[in-house]
Amino acid sequence: MTVSPCRNSFFVEYKDLYQFLTAVQENCLNNNCKQFVSISLEIDLVDPLVVLDELAEVNEINFYFENKGKGEAIAAIDAVATLSIDGTDRFSKAENFIKNSLKNIVKFSNDNLPFSGPHFFCYFSFFPKNSQADYPFSAATIFLPRWQISIKNQRCILVMNSVVTASENINRILQTLCNKIDTINSLKYYSPNLEVFPANFSKKSVSNANHFKSSVTSALEKIRNNHLTKIVLADALDVHSSNDFNLFKSLNNLRQIHPNCYIFSTSNGKGQNFIGASPERLICIHDQKLITDALAGSAPRGKTPTEDAANANLLINNEKEKHEHSLVIDFITQRLSQIGLLPQVLPPRLRQLSNIQHLWTPISALVPANVHPLKIVAQLHPTPAVAGAARDIACAEIRRYENFERGLYAAPLGWVDSEGNCEFVVGIRSALIDGDRARLYAGAGIVAGSDPEKEFAEVQLKLQALLKALV
Ligand SMILES: C=C(O[C@H]1C=CC=C(C(=O)O)[C@@H]1O)C(=O)O
């Protein structure tokens, strides 16, 4: 079998790649084993969201992650290895799965390619086990994608992860890669316009306004009685559209409307997707430098610059909002210290989104090489920005007050690479999409001094920002 030509620069690497695969296969023969190869190549610039839209199949798992502000986007399509589990030890099992898989992966890559090499994509549920029996996602899913397309600094990298066995036809692997590059090269760059059509939606709150407000009132009573100091209560909105939701257009809208949020989407390979635009980074580790966000305390954006500045000023000086925020800083610094890190609290600032602004304090730390990113995720999730304080009491109360499954809402999702780099966000301002149905989720932190009316309005504001993007 001969391999037909594709992109010019691929020829440069072709000989090396052939030799690499032959050597891997020889090893498989000698040791009677199979191995994974992770091949990274630079390709012509393409929008990973377009690739996702064109190449993802309904029956395959996938993941999309974009931060427009950072000029980064990554799409992971189909899986060569997957772990789906639940339970309180889901983070440590995920860590072991990644570590064991990496022992059996051989990399082919030029140095200095961004997002090169194997990346494991992970998403977790808020609680260790979902109580809704037919909730469509496991409490933890970790996968090594078959295809990964990413953009960083205007460079586009394709990663193919594949299995090599003693009997594998190496030319077939190369032909598959070549065909994929050709297909991707033939895709048009998408014009980044907003596509907001007059919505033909019917909407129904899962709880109803009174249920939410009376839960806040009851929680405030528990706060007064010192049962807890903070609880984050969420609301869900069910939306029924006259057509199936268009994920690609909805994600494109989200990235236009929320350029400084993390846009994410993941599919379970059975037709359901979880998507959103989150302002909250759980952790990002790059070259052992960790950064995490304490994000809590909110105010609406103003309609004029003067009103906006007044709202910001009120937020920065509001004792109730500052208390709500400081509980998150205290929790994060304590939890990082417990695993031997030395957290540095950076100067506080505002995170201003299109419709809402938040108190924001980034926290940094150096991560020793022996501390896996998922150990830190396990240590931090859920922070008081999405659960409350004391955490376990708040989580038990959340189960009692909320009459829907949180599932992936407010839980970590992101990627880990083979060098200990990672990025995880908290899946807030999110929606579960199933054909023509969507369930939207958003919440608000309740502390002493919270007003049920205002908290309800804050949640509605967050839900509207998401709803506006759905088509
Ligand atoms: C729990 C959510 O937001 C959290 C993150 C930022 C600000 C928050 C607040 O001010 O209540 C929440 O703690 C959500 O949007 O679903």
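This is a predicted model: local features need pLDDT of at least 70, side-chain atom pairs count only at pLDDT 80 or more; totals for chains, interfaces and linings use all residues.

Guide: Helices (H or I, at least four residues) and strands (E, at least two) are DSSP runs, numbered from the N terminus. In those terms, β9 (230–241), β13 (289–300) and β21 (437–447) each contribute at least two residues to the shell around the ligand. A residue is near a molecule or strand if its C-beta atom, placed from the backbone, lies within 6 Å of it, and among the 18 residues around the ligand those that come nearest are Ala296, Ser298, Ile428, Gly443 and Gly445. By class, the shell holds 10 nonpolar, five polar and three charged residues, where Ala, Val, Leu, Ile, Met, Phe, Trp, Tyr, Cys and Pro count as nonpolar, Asp, Glu, Lys and Arg as charged, and the others, Gly among them, as polar.

Residues are numbered from 1 along each chain as its sequence is written. The pLDDT, which is the predictor's confidence in each residue, from 0 to 100, averages 93 over the protein, and 95% of the residues score at least 70. Over residues 1–5, however, the pLDDT is below 50, and this stretch has eight contacts in the model beyond near neighbours in sequence, two residues being in contact if their C-beta atoms, placed from the backbone, lie within 7 Å. The model scores ipTM 0.98 and pTM 0.95.

Over residues 210–462 the chain is 35% helix and 36% strand, with the end C-alpha atoms 18 Å apart.

Some backbone details also deserve attention. Most residues other than glycine have a negative phi, and most peptide bonds are trans. Gln288, in the loop between β12 (281–286) and β13, has a positive phi of about 70° although it is not a glycine. The peptide bond from His381 to Pro382 is cis, with omega near -10°, and Pro382 is found in the loop between α9 and β17 (388–389). The bond from Ala389 to Ala390 is likewise a cis peptide bond, with omega near -10°, and Ala390 lies in the loop between β17 and α10 (391–401).
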